[in-house]
Amino acid sequence: MRGLVVKNTGSWYTVRTDGGQLIESKIKGNFRLKGIRSTNPVAVGDRVELVTNQEGTAFITSIEERRNYIIRKSQNLSKQSHILAANLDQALLVITVNRPQTSTTFIDRFLASAEAYRVPVVLVFNKTDLLDEDERRYQQMMMELYRTVGYECRAISAGTGEGVEELRPLLEGKITLLSGNSGVGKSTLINRLIPGANLRTAEVSDAHNTGMHTTTFSEMLPLGNPENAASCGYVIDTPGIKGFGTFDMEREELTSYFKEIFRFSQDCRFSNCTHTHEPGCAVLQALEDHYIAQSRYQSYLSMLEDKDEGKYREAY
């Protein structure tokens, strides 16, 4: 029997079979993916084969080859990874410039990982109704920066509903990962898009300007009738993440995951240029000429540093 993993609670996986039945499933024994040391060998979005048992549950026996996935370094086990979701058409990264503030380093690390696995990303700037004049200017500046790089940006308020309906055409017929820091309003946004979802929401802490985890597991939610989910589309809700440690990226490949750095790197004097100190580096010249944003370049350097030190920095 074949099916789609639509929910992962850590020990159990809910699978929607090709016949439309929901079956609670487990993985059998020491089930591990080839070549990937992961804390969650089966991810939401995986196509799997399963064998049912007399109790009405099932064992997952194999995973079909993935088209792509979004992966990050496990926070507790630095040599292992955590797969956020698999077989995606796109990702929506929800960002807030305040309450809480999403760092550009976090955004750039997420974008680089998505580039590595060929997952298109739309940046959704939320809580626009709560911004003062200076914060609005900063948000506009960030949106212009990422649009210049080549990413679609949207400004919304999930709390009031402003701009939310304009997102719907982007989601129709697609499998979309919704990600972002804790507290940026992912659950509120999903409740707007799927009125019956009734996801729990929480206030952001005033003292620390940080969000609380309200989603504790990953789940794939149909945007319309579950029977016609393929045409309506799915949104994958994931727990909020504080940091984004990049995983399994070679130092030499890193340039190609920053679109604008890659474009300028074609003109560097040396083919193995690291864009840090070499003479004739077109990237450093573009940085000096303000064709590359300082924040993006600093994110690139921080990821190079990861490769040098081989560790994950929680602050990102």
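Guide: Contact means heavy atoms within 4.5 Å. This is a predicted model, in which local features need pLDDT of at least 70 and side-chain atom pairs count only at pLDDT 80 or more, while totals for chains, interfaces and linings use all residues. Residues are numbered from 1 along each chain as its sequence is written, and side-chain values use heavy atoms, with hydrogens and water left out.

Visitor: Which residues does Val48 touch, not counting residues up to four places away in sequence?

Guide: Val48 touches Met1, Arg2, Gly3, Val5, Val15, Val42, Ile60, Ser62 and Ile63. Val48 is found in strand S4 (residues 47-52); strands are DSSP runs of E, at least two residues, and helices are runs of H or I, at least four, numbered from the N terminus.

Visitor: Why is Val48 called buried?

Guide: Buried means under 20% relative accessible area, exposed over 50%, partly exposed in between (1.4 Å probe, protein chains only). Val48 has 0%, so Val48 is buried.

Visitor: What makes Thr238 count as buried?

Guide: Thr238 has 1% relative accessibility, so Thr238 counts as buried. Thr238 is found in the loop between strand S13 (234-237) and helix H6 (259-265).

Visitor: Why are H1 and H2 called roughly parallel?

Guide: Angles under 35 degrees count as roughly parallel, over 145 as roughly antiparallel, 65 to 115 as roughly perpendicular and the rest as oblique. Axes are lines fitted to C-alpha atoms, for helices over the stretch in contact, and angles run from 0 to 180 degrees between N-to-C directions. The axes of H1 (residues 104-116) and H2 (residues 133-149) cross at roughly 25° and come within 13 Å. H1 and H2 are therefore roughly parallel to each other.
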